[in-house]
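User: I would like to go through the terms used for this structure and see what stands behind each one. Please set the values against the definitions.

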Amino acid sequence: MAMKIRLARGGSKKRPHYAIVAADSRMPRDGRFKEKLGTYNPLLAKDSEDRVKMDMERVQFWLDQGAQPSDRVSRFLENAGVLPKKDRANNKKGVPGKKANERAEQKAAKSAAAAEAANAPADDAAAE
C-alpha cells in the first residue's frame with residue numbers, strides 16, 4: 001500500500017484550511033485517511049506559528065514506514081529541518097518570453113533612432 005503524507009482541504013469557499021494527513025495514495029484528496037498529522041492555515045501570516053502545525057514524531061514514523069510527502073508537505077518538512085532541502089531551479093520563470101524580447105528590441109531601436117535624430121540637427125548647427 002503506497003502511503004502519502006499530503007493535504008486534505010477543509011473550510012468553506014475562499015476560506016481554505018488544510019489537514020496534513022497520512023493517506024493511501026489511491027484515496028481521494030478529501031477522502032479516507034489513516035491519521036491526521038497536523039494542520040495548515042494559509043490565511044495566517046507567513047511568520048505565524050499557527051500557520052503550520054505538525055506532530056513531528058508521527059510524521060517521522062510515517063516517513064520511516066515509506067510514506068512519500070507531497071510537494072507542499074515536503075516544503076513544510078524542509079522548513080522544519082526534517083528533510084534536506086531540494087534544489088528547485090525554475091530558471092526560465094523570470095526570463096522574458098520571445099515576444100517580450102522582440103518588443104524590447106523594437107523599443108530600444110526606436111529610442112536609439114530618436115536620440116540619433118535629436119543629435120543630428122545639433123551636430124549640423126555646430127558644424128556651420
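Analyst: A definition comes first: Asp, Glu, Lys and Arg count as charged, Ala, Val, Leu, Ile, Met, Phe, Trp, Tyr, Cys and Pro as nonpolar, and the others as polar. The model is predicted. By these classes, the lining of its largest pocket has 6 nonpolar, 2 polar and 5 charged residues.

User: Which residues lie nearest the centre of the largest pocket?

Analyst: They are Arg51, Val52, Arg75, Phe76 and Asn79, out of 13 residues in the lining. A residue counts as lining if it has an atom within 4 Å of a point of the pocket. The volume of this pocket is about 340 Å³.

User: Which elements give two or more residues to that lining?

Analyst: They are β4 (52–54) and α2 (71–80). The largest share, 5 residues, comes from α2.

User: What makes the pair of Tyr18 and Tyr40 stacked?

Analyst: Two values have to be checked. Rings pair if their centres lie within 6.5 Å, and planes under 30 degrees apart count as stacked. The ring centres of Tyr18 and Tyr40 are 5.8 Å apart and their planes stand at 25 degrees, so this pair is stacked. Tyr18 belongs to strand β2 (residues 15–24) and Tyr40 to strand β3 (residues 35–40); the two are 22 residues apart.

User: Why is the pair of Tyr40 and Phe76 called tilted?

Analyst: Planes over 60 degrees apart count as edge-to-face, those under 30 as stacked, and the rest as tilted. Tyr40 and Phe76 have 50 degrees between the planes, with 4.7 Å centre to centre, and the pair is tilted. Tyr40 is in strand β3 and Phe76 in helix α2, so the pair ties together parts that are 36 residues apart in sequence. The structure holds 3 aromatic pairs.

User: Are these residues buried or exposed?

Analyst: Tyr18 and Tyr40 are both buried, and Phe76 is buried as well. Buried means under 20% relative accessible area.

User: What makes Arg58 count as lying over the face of Phe61?

Analyst: The limit for CZ of Arg is 6 Å from the ring centre, together with 35 degrees from the ring normal. Arg58 is at 4.4 Å from the ring centre of Phe61 and lies over its face.

User: How do you know that β1 and β5 pair?

Analyst: Two strands pair if there are at least two bridges between them. β1 and β5 have 2 bridges, in the parallel sense. Lys4, for example, has Gln68 in β5 as its bridge partner.

User: In which sense do β1 and β2 pair, and over how many bridges?

Analyst: Strand β1 (residues 3–12) pairs with β2 in the antiparallel sense, over 10 bridges. Met3 has Asp24 in β2 as its bridge partner. The hairpin of these strands has 2 residues between them, and Lys14 takes a positive phi near 65 degrees there. β2 also runs antiparallel to β3, joined by 5 bridges, and Gly38 in β3 is the bridge partner of Ile20.

User: What makes β4 and β5 edge strands?

Analyst: The sheet is open and has 5 strands in the order β4-β3-β2-β1-β5, with mixed pairing. β4 and β5 (68–69) each have a single partner strand, so one side of each is left without a neighbour in the sheet.

User: Why is β2 called mostly covered?

Analyst: A residue under 20% relative accessible area counts as buried. In β2, 8 of its 10 residues are buried, and the strand is mostly covered.

Notes. Residues numbered from 1 in each chain as written. Predicted model: local features only at pLDDT ≥ 70, side-chain atom pairs only at ≥ 80, totals over all residues. Heavy atoms only, no water. 1 Å grid on protein atoms, 1.4 Å probe; cavity = no way out; pocket = protein on both sides within 12 Å on 5 of 7 lines; lining within 4 Å. Points joined across faces, edges and corners; volume = space filled by probe spheres on them. Helix = DSSP H or I, 4+ residues; strand = E, 2+ residues; numbered from the N terminus. Phe/Tyr/Trp six-rings, centres within 6.5 Å; stacked < 30°, edge-to-face > 60°. Buried < 20%, exposed > 50% of the residue type's maximum accessible area, 1.4 Å probe, protein only.
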